[in-house]
Amino acid sequence: MKNNQNPEMLSPVSQRLTYLMAGLYTLLGLSLFLAPTRAAQNFLWQVSPFVAMTIGAWYLGTAFVAWQSARNWRWSLIYMGMIFVWTFSLLEMTLLLMYWPTLRLNGWFAWLYIFTLAVGSIISLLGMLDWIRNRPSATSDGPEVPGWQRAFLFIFIAFALYISVPLLIGTASGGNIWPGQLSPLSARGFGAFYFAITFGDLFGIFERRLATFHFLLPFATVGSLLLLIPALVYLDQFNFQAQPGGLVYIGTYTGAIVFTLIALFANYSSQKIRVSERAIRS
């Protein structure tokens, strides 16, 4: 990759590769999300249709983040989203390699999954090398993040870490919030997904730029909605009396959607006020 002459961006090659990743993750995610029963029957390890549909939501959400990041391609806006995409891809590929002897590799879908994730991991490594080479600037001016929004992010990160770390290291299997026990690979896959979100969002605690902070809000809205849909489709599988954590699972996504919509509306309203004030002064 050639050095990028614009210090606020990664290279154009990385941008095109990020578009490619978004396209591949979209195709994989749709095949899982729209046909979960068939996908579960042909998956690399034992999963239920509910799990297959939820994994599809992971990839569709990640594809949306990658596509939006490539479309804007300004490091000060996209860096938290790109950190999530890179971390998610590399962690999920690492888990596949760890559990390789147990995978079912006798179908085309298995190789499609492996190919897509392998390409995404290579693109992530190339993107990280591009960042090391170019060191794009993350500085920009603008209004600062309100304290209430930063506080909500801190609470979300603490909750996500509480869920993700036990799943990722193998000390939990999701049985307290999920209908039934997850297999070790499924549990660690969920942990990797939530940890990647958490790792990207950690930088938001120190982020002062409102524009950068709010660039993540559509990701949170779309991602939460995609993850909520499988839970609603398979709502009959939840036993909220025996496993009240299921209410937390569904409530978390619902709360995230409500919060992001409120924050987006607040941002839109404040922008209109600033535009009106500038018009009056001029």
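Ten helices and zero strands: that is the chain. Helices here are DSSP runs of H or I with at least four residues, strands are E runs of at least two, and numbering goes from the N terminus. So the order of elements reads α-α-α-α-α-α-α-α-α-α.

A word on the source. This is a predicted model, where local features need pLDDT of at least 70, side-chain atom pairs count only at pLDDT 80 or more, and totals for chains, interfaces and linings use all residues. Residues are numbered from 1 along each chain as its sequence is written, and side-chain values use heavy atoms, with hydrogens and water left out.

Now the whole chain. Of its 282 residues, 49% count as buried. Buried means under 20% relative accessible area, exposed means over 50%, and partly exposed is in between, with a 1.4 Å probe and protein chains only. Next, contacts, meaning heavy atoms within 4.5 Å. Take those with a separation of 6 or more: 80% of them join residues 24 or more positions apart.

On to the core. Which residues touch the most other members of the largest nonpolar core? They are Trp45, Tyr59, Tyr113 and Tyr249, out of 76 residues. Helix α4, residues 75–98, gives the most to this core, with 14 residues. A nonpolar core is a set of buried Ala, Val, Leu, Ile, Met, Phe, Trp, Tyr and Cys residues joined through side-chain atoms within 4.5 Å. Look at Tyr249. Leaving out residues up to four places away in sequence, Tyr249 touches Thr54, Ile177, Trp178, Phe190, Tyr194, Leu227, Ala231 and Phe238.

Now two helix pairs. First, α3, residues 49–72, with α9, residues 217–233. They pack at about 165°, axes 9 Å apart. Axes are lines fitted to C-alpha atoms, for helices over the stretch in contact, and angles run from 0 to 180 degrees between N-to-C directions. The pair is therefore roughly antiparallel. The cut-offs: under 35 degrees is roughly parallel, over 145 roughly antiparallel, 65 to 115 roughly perpendicular, and the rest oblique. The crossing of α3 and α9 is right-handed. The contact has 16 nonpolar residues, four polar and no charged. Here Ala, Val, Leu, Ile, Met, Phe, Trp, Tyr, Cys and Pro count as nonpolar, Asp, Glu, Lys and Arg as charged, and the others, Gly among them, as polar.

The angle is about 135°, and the axes are 9 Å apart. α4 passes α5 in a left-handed crossing. Among the contact residues are Trp86 and Met93 of α4, and Tyr113 and Trp131 of α5.

Last, two single residues. Leu226 touches Phe33, Ala57, Leu60 and Gly61, not counting residues up to four places away in sequence. Leu226 and Trp58 are 168 residues apart in sequence, yet 8.0 Å apart, C-alpha to C-alpha.

Ser31 sits in helix α1, residues 12–33. Ser31 is partly exposed, at 24%.

Technical notes: A crossing is left-handed if the near helix is turned anticlockwise from the far one by less than a right angle, and right-handed if clockwise.
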